[in-house]
Amino acid sequence: MRRTQRQRDIRTAYLLLSPAVLLLLTVLAYPVGWEVWTSLTSLSPLQEGATAFVGLQNYSQHLEDPQFWRTAAVTVVYAVVTIAAKLALGLGFALLLARPFRGRTLVFLAIFLPWAYPASVSVMGWYWTLNPPIPTAYAAFMGHVKYSVDSAFGGGAWVFVSATLFNIWRGSSFIGVLLLAGINGIPPELFEYALLETKSPWQRFRMVTMPLLKPFLALGAFLSLTSAFSDIANVWMLTAGRIVFPVLGTQAYWLAINGGQFGPASALSLLLVPFLLGALLLLFRLFDSPEREAA
Amino acid sequence: MNPRPWWTKLGHLSLILLATVYCVFPVYFMLVQSLKTAQEDVFGNPFIVLHPTFESFEELFEGRGEGRGVIGSTLRRAYPFLDWLENTLFVFAGTLAITLSVSLAAAYALGRLRPPGFRWWRRAIFATYVIPQTILFVPLYRVVIVLGLDDSLLALLLVYPTMALPFCVWLLSAYFQHLPREIEESALIEGASRATAFFRIILPMSRPVLVACGIFTLGTAASDFTIASLFLMSGHNQTIPAGLGTMEVALDELAAVAGINLMALPVILICALFARGYVRGLTAAMVEGV
């Protein structure tokens, strides 16, 4: 009797899981499989004749190309800088909001605003503000900033900086709220106990708040990694590829759509995945720590 | 506790002020621009608006005809903003419904029924975040075409849920897993089915977490510009972001900014209404009951 109940539960479980799995298979697994296969071939809509299997040639071609390493470096620097800035700012916001003060609700809503403001459109406002196309009152000033940054760091630098600033602005809000949820989950008794046992606020922060926030920090870092790429893709799409500092994802799109080189483009996209996998493994290490599994 | 010295208070206050300005200023700036006349946009002070007007907003809803007046020698075209608005509402509502129901089902399976290897299922679903949709344009487009969904809003209803699903499944299943077994058991012993126990007991309990998932889903769907503008070609099929992306900003900067604000306002209001619930839900899912 018990046994059949359990078996029925398991069958129900698979049934309930199936819509989610089906969605992920169609929208993620199939495309990824297609990219893996294509990255091993010379598939191109421009090419006549049969598609040839070329093995790892597309990959080795990228790895030998200095342009690839420049793109990879930009990608990694972009990811690291935005994540560090977002975590630092977000932690600051969460700590500011942790203690009650007059008007806290309003400040909380203000800090929630950058994330709540739909990024699909705020990125346009942000972009056209920092790179104004027409003689608005601030165009001359922004133009001046743009040219001085571009002449210092190379063409397209300012556009890239704007995208980075945008991602930090939006992401710090998300992480701030997420960490606030983490702080709210810390039992107050723990803080009272810590107050007796530790000497300085810094020590309390380091010994009590930080360890308890660790899973939230890891989660925030990981989620913001995904948003970092979608934000930059938004800007890139908006400007029809005018960002001259390409990251791996956008560069691959360019290769595929403008160059018609599906094989190399797929290889380039997939070269991003090892970085992201590393980040994910780190997250699982931090979040699903052994003590928690046992509980 | 002894009162804190004045300089600590002052420091705290100025930090709060700084954070608020940093967060709100860009939004304020966009709002100010959208209320300006063309005259003030060019010659006025960029930070304030002296003669606020809703002209730019009205412009969005004007005539569905072809032309909309001429600047220099360029014809300004009219934008089907009402269609965009309708499409956006449809996509957001659909995405929310699909994401929440699909993740509830999956999370219940993983958190309560616990089939063999449920931890690995959970991790695998969450791990799909590793692949940003933005590197999958080309094959994604193939899927959309095979399903006959190109230039259709349904394509977005296929893609958006998968962008929010992993997090929602993860959050909800963590919450379900933390709920003690006894909660359902008494109902099950009294002869209720699992489904009844779910709808009567578990679902009402998990409201804060559902709110958190809902806000996250809304935020995710509202943050996409790339996929919408890639899959939706014809003007009347576009969502607001995709449509605004096609606007000629050099000519229609003010109308575009007005459109940005029109899209943002309802989303912000919903987020603000549920902001507290969002935080509570995140806390509940990740901390409580461990």
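Which side chains meet in a salt bridge at 3.0 Å, N to O? They are those of R194(B) and D9(A); a salt bridge here is a side-chain nitrogen of Lys or Arg within 4 Å of a carboxyl oxygen of Asp or Glu. This is a predicted model, in which local features need pLDDT of at least 70 and side-chain atom pairs count only at pLDDT 80 or more, while totals for chains, interfaces and linings use all residues. Residues are numbered from 1 along each chain as its sequence is written, chains are lettered from A in the order in which they are written, and side-chain values use heavy atoms, with hydrogens and water left out.

**Chain A overall**

- Chain A has 13 helices and 0 strands, where helices (H or I, at least four residues) and strands (E, at least two) are DSSP runs numbered from the N terminus.
- Along the principal axes, the C-alpha atoms of chain A fill a box of roughly 75 × 75 × 30 Å.

**Interface of chain A and chain B**

- Contact, meaning heavy atoms within 4.5 Å, involves 93 residues of chain A and 91 residues of chain B.
- About 8,600 Å² is buried between the two chains, and carbon and sulfur atoms give 79% of that area.
- Buried area is the accessible area (1.4 Å probe) that two parts lose on being put together, summed over both.
- The rule finds 1 salt bridge across this interface.

**Salt bridges in the whole structure**

- Over all chains, a search finds 4 salt bridges.
- One of them joins R170(A) and D231(A), whose closest N and O atoms are 3.1 Å apart.
- R170(A) lies in helix α7 (residues 157–184) of chain A and D231(A) in helix α9 of chain A, so the pair ties together parts 61 residues apart in sequence.

**Helices α3 and α9 of chain A**

- The axes of α3(A) (residues 66–98) and α9(A) (residues 201–238) come within 9 Å and cross at roughly 135°.
- Axes are lines fitted to C-alpha atoms, for helices over the stretch in contact, and angles run from 0 to 180 degrees between N-to-C directions.
- The two helices are therefore oblique to each other; angles under 35 degrees count as roughly parallel, over 145 as roughly antiparallel, 65 to 115 as roughly perpendicular and the rest as oblique.
- Residues of α3(A), including Y78(A), I83(A) and L87(A), meet residues of α9(A), including F205(A), L213(A) and F229(A).
- The residues of this contact divide into 15 nonpolar, 5 polar and 1 charged, with Ala, Val, Leu, Ile, Met, Phe, Trp, Tyr, Cys and Pro as nonpolar, Asp, Glu, Lys and Arg as charged, and the others, Gly among them, as polar.
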